[in-house]
Amino acid sequence: MNEWEILEKIMESAQDLRVPETLKPEQVKKQLEGGTNQNQKRRRNRYRAAAAAACLCFCFGAAGLAYHQQSARQQISDTQTAGSHKPGNAASSITEDRNDYGNADGSEEHDSADHTTEDSDVTQETPVKKLGNMYAIAADYGEVYDVLKKTSYRHIKQENSAEASRDDIASADEALSGSYQADAIKDVAENTTYQSDNDYSTTNLQVEGVDESDFVKTDGNFIYVVQDTQIQILDVRESIPAAAGTIRPKMDEDTDRICEMYVADGMLTLILQTEKTELQATPVQQKKEDGKQAEDTDTQSEMYLSDEAQSVHTTAVTKVLTYDLTDPLSPALKNTTEQDGWYKTSRKIGNHLYLFTDQSFGSEIMDRIPRKEALNEDHITSWLPSVNGKAVSEDCIYLPKEGNNGLLMTSVDLADNSSILDQKLLINNYVNLYVTNHSVYLYDQVYVNNACRTRIARFSLDADGKIHARAAKTIKGTITDTFAIHESSGYLQVLTSLTDQNPSENRVYVLDENMEVTGKLTGLAKGEQIYAARFMGETGYFVTYRNTDPLFTVDFSDPHNPKVIGELKVTGFSEYLHFWSDHKLLGIGLETNPQDGQIIGVKLSMFDISNPGKVKEEAKLVFHGITYCDGLYDYKSILADAKKNLIAFTAKADESYQYGHQTCYRVVSYDSDHKKFKIRAERTLAAGQRIYNSNRWRSVYVEDRLYLVSEKKTIVFDLSDECKEIGKLKYGWQGN
């Protein structure tokens, strides 16, 4: 900011200053209307000069002080964690941001977290206006439009110069898995309330108490299976399952699909992906009065929407349908809610559903509607996402400096007519998310001076379903594993890998709820990167890999001083870690040749963690020739239950091995007394097929029966009789 800009700021702030009574013009005049002799005149002249100087000094000095204080307050307000500071913590000092993501050379993480002072008048409900350098709340829709348009132009220029292809919707392929509305049940049973006291499995979750959607769910009496455009209901109250009926919501388009679902508390919640296709007016350029045609984007005010210029426009919409399962064979549709965007993911905490959708803006905003028309109230929903037909309010939109993608998150009260409790729209490029019982952490990777940084923004989830922006932070490295970020006792534990430097290294960060770094470790496992991680209480475990698998143990009991207290080197590496018990840690990964890194097969490891500082691999089992396991990349496909002593997963063999193209199923138990794994069932599911053509599978148990479920069939195993296969059921569904 130059001196003229500073002066303007001072003058602006001076307009609101309160002048002391003694320096107001009428008071000065009274002081000057004293004596009439020369001495009095001289004193009056000196008083005039002094008063004028005092006024000037006061105005500029106080204004400057006000501006400084206002700037300081703004910095604090911009990064305020509203009412979420820890008692007894002193207010942190304000530091200068020398770089968008770090110091001047981009070499260190900077403090972009929120601060709270003891005398702060900011209440918990006051929205945080700025999350470090990651997001700032929008002033109005015009600011949102400008950010999107600027990003669109820059991307178009880059694409044209590089002749690159566009990829506006990064998650579209993933999102094409589903969508709907409502229909009837095929097979109607008596109006009976079904309640299950059976022992049954649930979806494998990242965070205990935070439910996740999936395409297979059970309530102990029935198994519900997503079949693209319908829900297949399987009655599993008898030893052999029976196809009991289907739920087929009405589709708006042939491309509509069901994504995933929840089954809990007597409710079935479907998440559907629909697409609205409609004709929309497109902007056309009109000639000026002098005959010259309006030119580029700077003259968009001279463009208007012509009814004659129409184009086909498709909008992705995600719907939530809630069914009453009082009678599971005849579910009744209760409520429907919807929001724009491709389905990204969701979480369910109690009766609150948190729905996350992605929307790409790309260059459409520039192509379809000029700024003047875009800001018309009737046209807001034509370029901004809406919830239940109403555009997201500008005070719920958080903006980066640029971005052409939007993440829309809403909280839905499933117990109260699926009412919308809150909503937030974040304009971004692409973010990952981690959801706990109390917070949503959005994190993405950016490059600064050819170095990767991870930016994390925290939003709190209140008991009433409200979502509040709290704080943000930028740290070095990349989060390379889903489980490498973990919240515990108000602290966030993060593991990152710095793979863009030579040699690479790994780091451990501990951040408080204000996203301030309280402790960190650097320089870990140089030359390697993190492959898997898991946290329990005050202890964290993570695996790195080069040709061997070091399993590190980190003590987080002191959040200001995390310590590596153990390191175990074994062959191969684990890609997924699962706590089998308080003293056992299960690892699923790949065994490799320590000499050349050649993959040998899928490997199970059981680690003894009774002494976290001296972890031991007490058993391992290698499936030679099986070179891929679904669970390494989709933890929901793994059933690991110590109570039932079950480890079940699907795997695939590479064509270079004797199995050929083969999808197989393995059920394993663990003998703690003899410290060894035992194979209980082996089943070939598909042979002669390409690996990527095989079906998705889920393992579900109800009492002593284990069900291997796909979209088309279910295979049943008897856990009480050597895990023997006792039957299978095909549903006869062929899709659209």
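Q: What does threonine 544 touch?
A: Leaving out residues up to four places away in sequence, threonine 544 touches Asn506, Ala525, Glu528, Gln529, Ile530, Tyr531, Asp549, Pro550 and Phe552. Contact means heavy atoms within 4.5 Å. By the way, this is a predicted model: local features need pLDDT of at least 70, side-chain atom pairs count only at pLDDT 80 or more, and totals for chains, interfaces and linings use all residues. Residues are numbered from 1 along each chain as its sequence is written, and side-chain values use heavy atoms, with hydrogens and water left out.

Q: OK, is threonine 544 buried or exposed?
A: Buried, because its relative accessibility is 0%. The labels go like this: buried is under 20% relative accessible area, exposed is over 50%, and partly exposed is in between (1.4 Å probe, protein chains only).

Q: Which side chain does the side chain of threonine 544 make a polar contact with?
A: That of glutamate 528, at 2.5 Å. A polar contact is a pair of N or O atoms within 3.5 Å; within protein, one must be able to donate a hydrogen and the other to accept it, and residues adjacent in sequence count only if both atoms are side-chain atoms.

Q: New topic: how far is asparagine 204 from lysine 636?
A: They're 432 residues apart in sequence, but 5.0 Å apart in space, C-alpha to C-alpha.

Q: And is asparagine 204 buried or exposed?
A: It counts as buried, at 11% relative accessibility. A polar atom of its side chain lies 2.8 Å from the backbone oxygen of tyrosine 635.
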